[in-house]
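Okay, thanks for coming, everyone. Let me put it up on the screen.

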Amino acid sequence: MYSSPFHAAGGRRKLFRNFRDPMKKIVRSLMLVSLVAFTGALFAQTPPLPPKPQTPPKPVPTIPQTPIPPAPQPNAQAWVLMDYANGQILASSNMDQRRAPASLTKIMTEYVVNAELASGKIHMDDKVHISEHAWRAGGAGTDGSTSFLKLNSDVPLKDLLYGMIIQSGNDAAIALAEHVAGSEQAFAQMMNAYAQRLGMTGTHFINASGYPAPDHYSTAHDIAILSRALIKHFPEEYKISKIKAFEWNGITQHNRNTLLWTDPTVDGIKTGSTKEAGYCLAASALRDGMRLIAVTMGGPDMNAATTGDEALLNWGFNFYRTHDLYKAGQVLATPRLWKGQADTLELGIADDASVTIPRGRYDQLQATLEIPQRLVAPFKQGQQVGTLKVTFDGKPLVTEPLVVLKDAPQGGFFKRLWDAILLWFHHGNGTTTTPAPTVSVSPAASVAPPATAK
């Protein structure tokens with residue numbers, strides 16, 4: 001069929017319009033998308049507004065260190081002030097001088113009796129026979145302190161313990177010694193064995209009461225060591241020391257430690273006096289979680305001993321503070337362990353570590369861990385592999401063994417073989433020193449993250 005040119009041209013124009021209109025729409029859409037993208041990019045590249053200026057903090061005034069006056073000087077031949085938590089000596093004079101301890105001896109008698117009670121060898125309700133020796137050497141016919149026990153009577157052990165501690169009864173001390181060891185002489189040997197175990201290097205006992213004897217002596221330092229052990233090992237029995245009065249045989253006697261009346265923080269420990277020993281007092285007080293022990297020996301009278309101990313305690317509490325640093329079993333370091341099942345070794349200390357330092361000078365403490373550079377399994381729990389050292393103002397305060405906290409057995413064959421290869425490239429067989437975990441400046445213990453020594 002024939003088609004004219006006009007019809008063909010009209011068809012082409014219609015086809016072109018049908019193609020052109022969608023293209024316009026596409027071009028307009030692309031232009032719109034490009035404009036939006038450009039605008040977004042423009043805003044995205046616009047820098048944010050600067051933050052509002054902050055008000056500078058107010059300057060904090062520098063607080064000068066509190067000056068510490070010299071320690072009091074008690075009117076006594078020998079004295080010492082000790083911190084209970086760590087045994088640190090805060091002040092002393094002639095503390096290792098051997099002196100007659102008088103009835104401070106009974107602190108050791110109490111310690112031995114408490115140890116025997118704890119072991120189950122004797123009991124508080126035991127009936128203790130009052131022998132002629134106890135009656136004659138420590139009874140009412142002597143010029144020493146007595147609980148007025150009757151000859152050949154049988155007295156509950158608990159009452160004898162109260163009589164010895166509160167009334168300072170010599171007859172009660174001797175009766176207790178005979179009940180525990182069969183004789184006072186045998187009991188004195190037990191006292192000396194315990195003294196040696198506690199580290200009382202300047203002490204030797206002949207009897208249980210403190211009656212003067214040529215080879216019966218102790219030191220202010222040793223009495224403080226003993227007092228600390230008594231409080232630590234037998235805290236419930238120690239509470240007897242703060243009881244102010246006790247009645248036996250119809251006679252009420254008051255505790256001779258008058259600080260129990262004048263200072264409510266004082267809760268012990270023992271007085272003592274003879275012509276040879278002079279007047280002696282071991283006292284302890286607990287204030288705000290901190291405990292101190294003061295011992296004076298060889299004073300001219302009991303008032304001098306009391307005021308001396310009181311002054312030492314007040315001075316210590318006013319100008320010193322005890323800080324708990326690390327707890328027993330706390331992980332202090334996790335150094336690399338070679339040829340073990342684990343890749344690290346957990347290290348800590350077996351006993352709590354604390355220090356007593358002048359108030360406001362905590363920042364002068366430095367704690368370090370000394371650990372061998374190469375630790376190869378196996379290790380047993382409790383095995384020492386390093387040392388924790390704490391110094392204050394450059395002076396050593398704490399040196400504690402750094403021990404393995406749990407067993408670290410060897411790894412498998414391939415683990416050991418691989419670590420043996422790596423050890424060829426690991427140089428150093430000496431000891432590395434790293435900072436120990438930091439702790440809070442509060443007296444409470446702080447759990448800090450472990451230090452890693454490699």
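Let's start with what lines the largest pocket: eight nonpolar, seven polar and eleven charged residues. The classes work like this: Ala, Val, Leu, Ile, Met, Phe, Trp, Tyr, Cys and Pro are nonpolar, Asp, Glu, Lys and Arg are charged, and the others, Gly among them, are polar.

Some housekeeping before I go on. This is a predicted model, where local features need pLDDT of at least 70 and side-chain atom pairs count only at pLDDT 80 or more, while totals for chains, interfaces and linings use all residues. Residues are numbered from 1 along each chain as its sequence is written, and side-chain values use heavy atoms, with hydrogens and water left out.

Back to the largest pocket, then. A pocket here, on a 1 Å grid over the protein atoms alone, is an open set of points where a 1.4 Å probe fits, with protein on both sides within 12 Å along at least five of seven lines, and a lining residue has an atom within 4 Å of a point. The space in this one comes to about 600 Å³, where volume is the space filled by probe spheres set on the points, and the points are joined across faces, edges and corners. Its lining has 26 residues, and Ala85, Asn86, Arg228, Asp352 and Ser354 lie nearest the centre. The elements giving two or more residues to that lining are helix H7 (220–233) and the strands S9 (290–299), S10 (320–326), S12 (353–358) and S15 (395–404). Helices (H or I, at least four residues) and strands (E, at least two) are DSSP runs, numbered from the N terminus.

What is the volume of the second largest pocket? About 390 Å³. It has 19 lining residues, and Asp143, Gly144, Ser145, Ser273 and Thr274 are the closest to its centre. By class that lining splits into five nonpolar, eleven polar and three charged residues. Strand S7, residues 266–274, gives the most to it, with four residues.

Pro378 has its place in the loop between strands S13 (365–372) and S14 (384–392).

Now the helices. For the chain as a whole, we have eleven helices and 16 strands, and 45% of the 454 residues count as buried. Buried means under 20% relative accessible area, exposed means over 50%, and partly exposed is in between, using a 1.4 Å probe and protein chains only.

Take H5. Which of its residues are buried? Asn170, Asp171, Ala172, Ala173, Ile174, Ala175, Leu176, Ala177, Glu178 and Val180, which makes ten of twelve, so this helix is mostly covered. The cover includes H2, strand S3 (127–129), H3, helix H4 (157–166) and H6. Just after H5, Gly182 takes a positive phi of about 95°.

H6, residues 184–198, is next. The buried ones are Glu184, Phe187, Ala188, Met191, Asn192, Tyr194 and Ala195. They sit on the same side of H6, because they cover an arc of only 165° around the axis, taken from the directions from the helix axis to the C-beta atoms. The general rule is that an α-helix has 3.6 residues a turn, so residues three or four places apart point the same way. On the face turned away you get the exposed residues Gln185, Gln189, Gln196 and Arg197. Covering the buried side are, among others, helix H2 (105–119), helix H3 (132–138) and H5 (170–181). Gly199 follows H6, with a positive phi near 85°.

Asn94 has phi near 55°, sits in the loop between strand S2 (89–93) and H2, and at 43% relative accessibility counts as partly exposed. Lys339 has a phi of about 60°, lies in the loop between S10 and strand S11 (347–348), and is partly exposed at 23%.

Note on methods:
Contact = heavy atoms within 4.5 Å.
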